[in-house]
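Subject: A structure for you to explore

Hi there,

Here is the structure I promised to pass on. Please open it next to this email and follow along.

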Amino acid sequence: TRWRRAERQLADELARTRAELDRAEFFLSAERQVVVVWGARGEDPDVRGDVSLALDAPAPRRILGFGAWLAPADARALDAAVDALRTDGVAFGMSCQANNGRRVEIEGRPISGRAVMRVRDVSGDRRDLLDLRATHEATLARAARLAAALDCGPDPAWTRGADGALEFANAAYLRAVEARDAADAAARRLDVLDRPLRDAAAAARDAGAAWRSQGAFTSAGERRAADFAETPAPGGTAGVAIDRSALDAAREDLRRLAEAHARTLDQLPTAVAIFGHQQRLEFHNSAYRQLWGLSVAFLDQGPSDSDILDRLRAHNRIPAQANFRDWKRNLHAAYRATEPVHDLWLLPNGRKIRLVVSPDPRGGVTYLFDDVTESHELASRFAALVRAQGETLDTLREGVAAFGTDGRLALFNPAFARMWGFERRTLEAKPHVDEVRRACAPRGGAEFWEAARAAIVGLDDERRGFEVAVARADGSTFECVAAPMPDGATLLTFEDATERRRAALALKERNDALEQAAAMRNNFVHHVSHQFRSPLTSIAGFSDLLRSGAAGPLSPKQGEYLGYVAAATDALRALVDDVIDLASADAGALEIGVEEIDAAGALQAAARAVEARAREAGVRVDALPLEGLGRLGADPRRLRQALTLLLANAIDATPRGGAVTLAAMRRPGAIAFKVTDRGRGMTPEAAARAFERFVSAGEGGRGAGAGIGLPIVKAIAELHGGAATLDSAPGEGTTATLTLPLADETSLRRDAS
């Protein structure tokens, strides 16, 4: 009985279970879906339902290969969600698009310790709802992106509802009205538009029309000009305020720049004419008017390019053309060109005009005319000069080499190659100075090439030239000069000075010998003169003794003869004194004692000193001192000696019955003593040599002198800081001038140098 009762209970439970299973099967098959149940670890999952919604072939277990029926990204996401469900019991839900085009909804959750995943087909209203949800989410995302983009913009933007209330405002709008958000701005009635603009915008909104206006708004305390626009939109309006302050400033800057550009172009010597895309003149400068001789009234009308060319052709101001129409068409092809066009016009008046036609991307062109007549002539002259320079360098005996700032040889002549043993093709390769230095080192001059290298490629800011003599290994001597050039290059010149140096050495040896001979001569003359003085003193003394009668009475004839002896003795003594003075001047031992003396008194004293000589020669001496000569600083004895020598020469050169004039006159800072005679005079060559030692003037009065008087006068003048000059002409006489400085302006030399 108990077994039958238990059997009936089990049968009832089985019937209920089967009924529930049938109901579950019914509910499971009521919609297209697949259910996958994972049990304990190691058990195969149970797959129930219509797998065809995901797979084309009915293979239930293939549904677990998510990559077979889902996109790779969805498959990876579903795989991760299933792992989290089975491991940690994390439920999930997602909507995916199967590869067969069906829209499926997948959800998973833990049930009674098992992991259950259900894949359902989404169709009908549910699918529409999902599509609407996706569209809604996409719309919200686009709106968020649009709002973010508007927030990044510098211009205020907003939207209003149908009642005109503010619904949205971007960051620029909120900064302008100083609000936290759109709700804050709406609550506080903060608006970027002023009252008149708001009223105008509201009127247009009520009429359903778009509204545009210009005005200003305040942002961060700064008033800014803007273009406002508000247009109807579904459920309200949308507006924007475009800040044009920067644009207005840019336009003003552009206007000023254009005016400055026009002023600058008007000052250029280049003729400029700008034509627009309609080939009409838009701008020209004064150089353009002057070049073509066109009136301002004509150009201000904006004539076309063709009209201007026609007028220039009528006045014979452009190049003559055999086919003017084709030439003009080719010229106007620049309006369609992409690169500038260059041409050279030879005008009928002989001028050369360089033309550059620059196309404008907007369709116009800019003509640039340069008068290159002078530059072409200068270029021709320069080319001729370069050729002449090259030929000159090639014919020079001196070697020339120029090195550029990079240290390479830039210029050379054949003499340089010959001097240093280079082949022409080696130098034409422009070797570096280091290569040239190494090649020249065996021939000598290593120190010069080191210094030249430092001058050529050195880093000193102050470049200096130098000159040095180089003794080469072959015995020759070169004078080498390195000179910096203005462009940064360095010029080297080489001159073979071997023969010149040998000649200079020979001349130096000869000059030394001559100086030694002159010193010996001066010593000899000085010694002999002193030796002459002692016998002359004895002769003069005995002559005076005899003439005094101390040795007995003399006959008249003897007295006359003794007078001749005394005169000759005095003349010889004066000559010896002059020779001694001249020798002292040559030896630098002639000295003067400076005193402040009266110029007129010195003149009279000199005239009295030669009275006897003048009476004997039958010549009159006229002393003509002018008033107010003043005083001068001089040695009175030496001044009298100089004037006496000049008077003696003049007396000797003057024929009997003639006259010699001694005059003095004051000049700025000096006094000039002039001795004038009317003798035979001298040639210019003789006058030029009159102050040389032992050279007789040779005027031929009563005989030529010894040639020592004038050199002594010159030495005395130079010791006083003055000068001695001689003016003479054949047949007209001679004027000797001795110029000495005044006493308060004297700069005297105490010894001869």
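Which residues of strand 25 are buried on one side, and which on the other? Ala670, Ala672, Lys674 and Thr676 lie on one side, while Ile671, Phe673, Val675 and Asp677 lie on the other, and all are buried. Buried means under 20% relative accessible area, using a 1.4 Å probe and protein chains only. In a regular strand, side chains alternate between the two faces of the sheet.

A word on the source: this is a predicted model, in which local features need pLDDT of at least 70 and side-chain atom pairs count only at pLDDT 80 or more, while totals for chains, interfaces and linings use all residues. Residues are numbered from 1 along each chain as its sequence is written, and side-chain values use heavy atoms, with hydrogens and water left out.

**Overview**

The chain has 753 residues, and 35% of them count as buried. It contains 23 helices and 27 strands; these are DSSP runs numbered from the N terminus, with helices (H or I) of at least four residues and strands (E) of at least two.

**Around strand 25**

Strand 25 covers residues 670-677. Strand 24 (residues 659-667) runs antiparallel to strand 25, joined by seven bridges; two strands pair if DSSP finds at least two bridges between them. Met665 has Ala672 as its bridge partner in strand 25. These two strands form a hairpin with two residues between them, and Gly669 in the turn has a positive phi of about 80°. Strand 25 is also joined by eight bridges to strand 27 (residues 733-741), again antiparallel. There, Phe673 has Leu738 as its bridge partner.

Elsewhere you will find an open sheet of five strands in the order 17-16-20-19-18, with antiparallel pairing. Its edge strands, strand 17 (409-412) and strand 18 (466-471), each pair on one side only. Within this sheet, seven bridges link strand 19 (residues 477-484) and strand 20 (residues 490-496), and Ala482 has Leu492 in strand 20 as its bridge partner.

**Cavities**

The structure holds two cavities of 30 Å³ or more. A cavity is a set of points, on a 1 Å grid over the protein atoms alone, where a 1.4 Å probe fits but cannot get out; lining residues have an atom within 4 Å of a point. The volume is the space filled by probe spheres set on the points, which are joined across faces, edges and corners. The largest cavity has a volume of about 80 Å³, and its lining includes Phe275, Trp292 and Tyr367. Helix 10 gives the most to that lining, with four residues.

Happy exploring!

Note on methods
Buried < 20%, exposed > 50% of the residue type's maximum accessible area, 1.4 Å probe, protein only. 1 Å grid on protein atoms, 1.4 Å probe; cavity = no way out; pocket = protein on both sides within 12 Å on 5 of 7 lines; lining within 4 Å.
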